[in-house]
Amino acid sequence: MRGFIKDMATPVKNIEKEFMLKILYDEGIPVIYLKDRIEHLFFLKKPAGEELFFQTDKPIKKLKVKDQIDLMFGYRGKSIVFTVEVTQINDAEITCTMPDFLYKDLDRSYSRVSVPSEMQVQFTFLGERYDLSFPKVAEYETGDGGDILQNSDPKSLSGLIEQMATWIKNFASAYRLVLFKDAQPSTVEERIISETGKTLFLPSTKDGFLQSDPFPQKRIITEDMFKRYLESTGIGPAFIGNACTRFIKTKTDNKIFSDAWIPILFHEYVIGYIHIWNNVDGKPPFDYKVIDVLYQFAKVLAYSLKINGYFEKGKIKNDTFEGKVIDISASGLLFAYPHSKFASALQLESKLTVKIITPQRSITTEAIIVRRFKDKTQGYYGCQFEKMETTNLGYLFESIYGKPLTDLDAQFLTGQV
């Protein structure tokens, strides 16, 4: 996990990459390497070939062969970054591998570096957390109902259900509202929406599963997802096609012409679902707008249950925790946390309070998780700072980079964060 995580950055094409590396040599443009708050300048000694031969402005302590390092240079007002591996060190001469890619248009506002040894970072969840007995999902949408909530009284659960039922009658023959309070998911439909947190949507059972999901948030269980679910239950690959066919045939035999199972999510928990279907021949099939509206209704229902105390017994205290901070910048940080029940609550758009402790002073700010990925043992969470006070920003900048925050730096940070 390198300091320059290339999320949302644009890889430079090979022709442009060769041109930029040529410019570095021809014009003597310095490449910046930041280590332990010291800025080192690298200059290409030879035209770029199979390797890069750099002359540094001063020797670099603790740099070793096979270290992967992140380098940055400026070109036409843009920051260009790349990662290389050190292959040879001879005092102030360093040989590195040719980078696979150069990246521009980074979505972060200043390069991330390793955390200074004297710096400690603590996290606390910002907002409410719960430990509930409902099925959990790895990813979920945030929000509380949008436009529908504006026209409803969230305290009146019965009123919301009545409003939803009246709306559904315009499109569906029948519906069910189910909460997983007393019984765990048992049917195929219940189990797959509980495991994925996504909607099982068959606009027309005659046409079978959807092949793709048009929602940006990826809300729909496609045919490929359904097949992967069947395989996870122990059905052999040779029998999955037949299992899908039988699943659809059961619905058509029961004269279900259009079918949708929409999960109701509260935080990372699937607390139930809304099931709508058409069994009247000739009735128009459900469309994506129907699914979108029911997603909003599901959010409102979960919010209504919350303010009516349905989840109160499961509320837990937000204790401070420490993740392993991989790198940090003036606009955010990347930390790792082992896979665990606790870590499952670290979702995209989760908000945290971040306390950064140094020997001289401590600063507290808010952050939002904007990137999330994982390996076999732990998850990695890229956070962007929010509501950082100017004085704290200046102190953090100097603590990280070993130099004062200039007006130009501040302008750059303000424009990017």
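Contact here means heavy atoms within 4.5 Å. Helices (H or I, at least four residues) and strands (E, at least two) are DSSP runs, numbered from the N terminus. The model is predicted: local features need pLDDT of at least 70, side-chain atom pairs count only at pLDDT 80 or more, and totals for chains, interfaces and linings use all residues. Residues are numbered from 1 along each chain as its sequence is written, and side-chain values use heavy atoms, with hydrogens and water left out.

**Stop 1: helix α5**

Select residues 223-232, which form helix α5. Glu223, Met225, Phe226, Tyr229 and Leu230 are buried there (under 20% relative accessible area, with exposed meaning over 50% and partly exposed in between; 1.4 Å probe, protein chains only). These residues lie on the same side of α5 because they cover an arc of only 160 degrees around the axis, the arc being that of the directions from the helix axis to the C-beta atoms. On the face turned away from the buried side, display the exposed residues Arg228 and Ser232. Just after α5, Gly234 has a positive phi of about 105 degrees.

**Stop 2: the sheet that includes β12**

Now select the open sheet of 4 strands, ordered β11-β14-β13-β12 with antiparallel pairing; two strands pair if DSSP finds at least two bridges between them. The edge strands, each pairing on one side only, are β11 (174-179) and β12 (200-202). From one strand to the next, the twist averages 15 degrees. Between β12 and β13 (residues 258-266) there are 3 bridges, and Leu202 stands opposite Asp259 in β13.

**Stop 3: helices α7 and α3**

Select residues 288-307 to show helix α7, which packs on the sheet and touches β11, β12, β13 and β14 (269-278). Axes are lines fitted to C-alpha atoms, for helices over the stretch in contact, and angles run from 0 to 180 degrees between N-to-C directions. The contact of α3 with α7 has 13 nonpolar, 2 polar and no charged residues (Ala, Val, Leu, Ile, Met, Phe, Trp, Tyr, Cys and Pro count as nonpolar, Asp, Glu, Lys and Arg as charged, and the others, Gly among them, as polar).

**Stop 4: strands β2 and β3**

Finally, select β2 (residues 31-35) and β3 (residues 38-44), an antiparallel pair with 5 bridges. Leu34 has Glu39 in β3 as its bridge partner.
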